[in-house]
Structure formats: structure tokens, C-alpha cells
Amino acid sequence: MTNLSQDEWKINVPENEIKLTDGSIFKTYRTAGSLCSHDDQFDFKLGIGKLRKLWIEERIARGDENHSQMYYARRNEITKEMRYVAIREGVTPEFVLNEVKIGRAIIPSNKNHPELEPMIIGKKFLVKINANIGNSALGSSIEEEVEKLRWSLHWGADTVMDLSTGKNIHETREWIIRNAPVPIGTVPLYQALEKVKGKAENLNIDIFIETLIEQAEQGVDYFTIHAGVLKEYVALTKKRITGIVSRGGSIMARWCLHHKKENFLFEHFDRINEVMKKYGISYSLGDGLRPGCIADANDEAQFAELKTLGELTKRAWAEDIQVMVEGPGHVPLNLIEENMRLQNEICNEAPFYTLGPLVTDIAPGYDHITSAIGAAMIAWYGTAMLCYVTPKEHLGLPNKQDVKDGVIAYKIAAHAADVAKGHKGAKDRDDLLSKARFEFRWEDQFALSLDPELARSFHDETLPQDGMKKAHFCSMCGPSFCSMHLTQELRKEEESLNQ
């Protein structure tokens with residue numbers, strides 16, 4: 001174990017203080033890089049501070065060739081990143097080191113992303129959420145995408161994936177990373193496809209590795225790699241209602257069938273490993289055959305790919321590379337537990353990163369809700385990170401309001417799972433808000449809410465007067481029928497009778 005003094009370990013972890021009217025203070029973690037989210041003078045071309053700059057330079061100076069946090073953990077070296085996340089999570093650095101060492105948690109952290117405020121993804125830690133942003137061929141500018149990043153951070157996203165498929169992909173990603181205090185993920189296959197003008201059959205491993213290195217140099221922290229879509233698995237999707245719904249999965253399936261060869265990402269996985277080690281990038285092993293509707297859930301194609309992802313996890317771990325595994329998709333409630341159980345068994349408890357799952361297919365426009373229901377359940381069973389779904393899922397490119405709605409829905413799902421799992425301190429905010437509600441401390445109810453502005457606006461629609469912020473009722477029950485007010489009166493009567 002490394003023997004640094006307490007002063008050398010001193011790390012400032014930003015906190016957001018919620019000051020309550022009873023004099024108490026509730027503290028939550030909040031990325032320093034998100035605190036400027038309402039700054040009208042913000043200039044994205046200035047970027048944000050480089051917290052990890054000296055940490056990284058120290059490791060480069062000593063000649064480290066593998067910058068994965070798993071590499072350091074397996075050598076019993078507590079890095080500054082491990083110390084940082086230990087403070088964030090309220091655990092010991094030794095606990096963090098052990099979870100990373102055995103592969104049950106990852107700290108995504110490219111050596112070229114010094115702006116990063118380290119975070120950890122693992123089932124023994126707080127459930128994290130990811131927000132997807134990115135332009136498309138049909139719209140959005142660099143400024144708009146950076147604004148989506150900042151907006152996602154403001155509402156609590158723990159990581160962000162840049163899924164840009166339109167113009168200026170490289171420059172868009174550059175400015176997203178330079179303004180990102182959270183890990184940034186990508187699907188490199190999208191940009192590789194752009195390089196061959198959208199013709200999947202013209203892809204090859206050299207173009208892909210070139211793209212990996214380009215993005216690695218910019219500082220991407222985790223890559224979604226669709227190496228588990230094997231040629232023989234494509235036929236297993238023929239009876240599906242929705243076929244292959246993953247963009248990456250469909251690209252690789254088309255390549256395999258056109259060339260009548262095995263997936264080049266699988267065949268050349270060792271070459272990809274070399275890039276991942278050099279920069280300290282984590283794998284997010286893509287579920288290219290995830291179900292796109294509940295009728296296709298838990299089928300042979302999905303679980304065949306999962307088995308291959310388990311094999312790839314072991315190959316990456318053999319090189320001390322961090323791995324998380326992506327999951328479905330669309331899954332009805334009764335089949336969710338099986339997904340988590342099999343992933344744990346097949347992938348040896350590597351962190352599970354799931355899209356939803358959506359538990360019904362009948363609610364376009366409300367899929368942030370249908371998916372948050374499944375997300376809360378699968379997170380309770382052990383999923384480490386949830387990929388948000390916005391109301392625009394299946395319908396269009398999300399706007400700013402869609403991003404907010406998706407993040408809030410998933411913060412609720414993640415928090416509900418943390419409470420259910422009994423994570424230390426998870427319920428504290430609930431208890432404080434409940435106490436404020438019972439005591440009619442309206443200002444504290446607003447302040448402790450995930451969305452204080454919305455909570456206040458709903459209250460003020462009918463009772464906007466300042467005096468109503470001290471009233472012992474709301475417009476739902478009125479002054480005569482408030483159950484909590486009646487309970488308070490009842491308690492007073494009981495106290496007087498007992499005196």
C-alpha cells in the first residue's frame with residue numbers, strides 16, 4: 001500500500017450545501033464543473049479546471065505504460081482517483097481499491113481527461129446515471145451540445161455519452177470533453193462509419209483503431225465496443241419483432257453478413273486492448289443484440305451475446321483493463337431479475353450498465369417513465385449504472401427539456417434503488433424532507449427536492465402569497481382537512497391529557 005501522508009492525500013471534493021430554516025445543513029456531492037450551469041457569461045472555448053493534471057503528469061513521468069485504475073489496484077497502489085471517490089462515497093480508500101482490483105467496480109479516467117472529477121461505477125456504491133447527448137445529421141451545433149452537457153450536469157448526470165453522428169464530430173467531442181468534469185463515453189464505431197461515408201461493409205480494424213486513438217487522444221473515458229455480435233448470432237434475431245435495434249449491433253451484423261467473416265472487433269480484441277491500456281480507458285462492452293421490445297426480451301440472441309461479453313471481460317481483465325457490461329433494453333417486469341442474475345454469473349460481477357429497461361412498449365412520449373420503472377428494479381437487483389431515456393425515445397432528437405426530464409426520472413430511479421439497498425446515508429434526504437413536510441417548512445421542502453423550482457411553482461400556482469409558505473395546509477386539502485395538521489392537533493391534545 002502506498003504510504004502518503006495525510007497532507008499529500010488532501011483532496012478537495014466539492015459539495016453543495018442546502019441550508020435549512022431550522023439551522024441545519026444538508027450536504028450533497030456536486031461536480032464543481034456543473035456549478036456554472038446558469039452562468040450567462042460562460043464560454044465553452046475556455047474549458048474548465050484540470051483537477052487531475054498533476055496526478056497524471058506524475059504517473060507519466062515515472063514511465064507508466066498502463067494507466068488503468070485496475071492496473072494500479074492490482075499493485076495495491078491507492079491512486080488519487082481512488083481517494084477522491086472514497087470521499088465522495090463515504091467509504092475507505094482500501095474498500096475502493098479492492099472493488100476495482102476484483103473488477104466489481106470501475107473508475108473511468110482517461111489520462112488525457114485532466115478535467116475529470118473521478119467517480120466510481122459498481123454495485124457496492126451509489127447507483128449512477130448516464131445522460132446521452134450528441135448531434136445528428138439532422139441538427140444541433142457544438143454550442144448546443146456543450147449546453148446539453150452542462151444542463152445534464154446541473155440536474156445530476158454522473159457520466160455523459162457523446163453519440164454524435166452528424167457534422168463536426170471531432171470538434172464537438174473536443175469541446176464536450178474540455179468542459180466535462182464527469183466521464184465521457186462514446187461509440188467509436190459511429191465516427192468510423194462516417195470515415196467510410198456510411199458504408200458498413202467498408203469498415204476494417206485499421207480504420208477502427210485509428211478512430212480509437214483519435215478519440216483516446218482527446219480524452220474519452222470509456223468506449224462502447226460491439227465485439228460480442230458474432231456472425232453466428234445474427235440468425236438468432238430473425239424471429240424477433242424488432243430485429244436488431246442497436247445501431248452498433250446492426251452495423252457489425254451487416255459487416256459480418258456482407259463479408260461472411262467474423263466480427264473484426266472480436267477477432268482483433270487484443271489490438272483494442274493495447275489502446276485501452278495506454279490511455280486508461282474503460283470498456284463498456286456493448287449489447288448489440290439487446291431486445292428492442294418486450295416480446296424479444298431474454299431470447300437466445302441476447303443471452304448468446306452476453307456469454308461472449310463474459311469471455312471478453314476476462315480477456316480485458318487479463319490485461320488489467322476496466323470493464324463494465326451493457327444491458328437491455330426492453331424487458332417486462334417479470335423477466336428483469338433473470339437479466340441481473342445471469343449477468344452476474346456470466347460476467348463475474350463486472351458492473352452492469354443498463355438502458356432502462358423499458359417495461360412496456362405502449363407509451364411513446366412517456367418512455368422516460370416506462371424505463372425508469374424498470375431501471376429502479378434492475379438497480380435494486382444490482383445494476384451499477386443506468387442509461388437515461390428521454391420522452392423523445394423512439395421519436396426524435398432530445399431537446400433541453402427532454403434531457404432534464406430524462407435525468408430527473410433516472411435520478412429518482414437510482415435513488416429509489418439506493419434506499420432499497422440500504423446504502424449508507426441514502427435515506428437521509430428523504431427523512432429530512434418528510435420532517436420538513438410534517439412541520440410545514442415549505443421552503444425546506446422546496447430546497448430538498450430534486451427540482452426545487454418545479455416544486456415551488458406547483459405550490460405557488462394556487463397559493464403564491466408569502467404568508468402561505470408558513471401555512472399548515474396546501475390547496476389539496478385546505479385549512480380544515482389537512483391530515484398532518486390534524487395529527488399535530490391530536491398529539492397536542494394527547495400531551496395535555498397526559499400532563
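User: Hi! Before we get going, what does "buried" mean here?
Analyst: Hi! Buried means under 20% relative accessible area. One thing to keep in mind is that this is a predicted model.

User: Good to know. So are Arg 240 and Asp 299 buried or exposed?
Analyst: Both Arg 240 and Asp 299 are buried. Their side chains form a salt bridge, with an N to O distance of 2.7 Å.

User: Where do those two sit in the chain?
Analyst: Arg 240 is in the loop between helix 10 (231-234) and helix 11 (247-259), while Asp 299 is in the loop between strand 9 (282-285) and helix 14 (300-317). They are 59 residues apart, and the pair links distant parts of the chain.

User: Nice. How many salt bridges are there in the whole structure?
Analyst: A search of the whole structure gives 38. Another of them pairs the side chains of Glu 349 and Lys 123, at 2.4 Å from N to O.

User: What does the Glu 349 and Lys 123 pair tie together?
Analyst: Glu 349 lies in the loop between helix 15 (333-346) and strand 11, and Lys 123 lies in the loop between strand 4 (121-122) and strand 5 (128-133), so the bridge ties together parts that are 226 residues apart in sequence. Glu 349 is partly exposed, at 28% relative accessible area, and Lys 123 is also partly exposed, at 23%.

User: OK, what about Lys 277, which residue does it form a salt bridge with?
Analyst: That would be Glu 274, and the closest N and O atoms are 3.3 Å apart. Lys 277 and Glu 274 are both in helix 13 (residues 269-279), 3 residues apart, so about one helical turn separates them.

User: And is Lys 277 buried or exposed?
Analyst: Lys 277 has 15% relative accessibility, so it counts as buried because the cut-off is under 20%.

User: Where is Tyr 366 placed?
Analyst: Tyr 366 is in the loop between strand 11 (352-355) and helix 16 (367-381).

User: Last one: why does Tyr 366 count as exposed?
Analyst: Because its relative accessible area is 53%, and exposed means over 50%.

Notes:
Residues are numbered from 1 along each chain as its sequence is written. This is a predicted model: local features need pLDDT of at least 70, side-chain atom pairs count only at pLDDT 80 or more; totals for chains, interfaces and linings use all residues. Side-chain values use heavy atoms; hydrogens and water are left out. Helices (H or I, at least four residues) and strands (E, at least two) are DSSP runs, numbered from the N terminus. Buried means under 20% relative accessible area, exposed over 50%, partly exposed in between (1.4 Å probe, protein chains only). A salt bridge is a side-chain nitrogen of Lys or Arg within 4 Å of a carboxyl oxygen of Asp or Glu.
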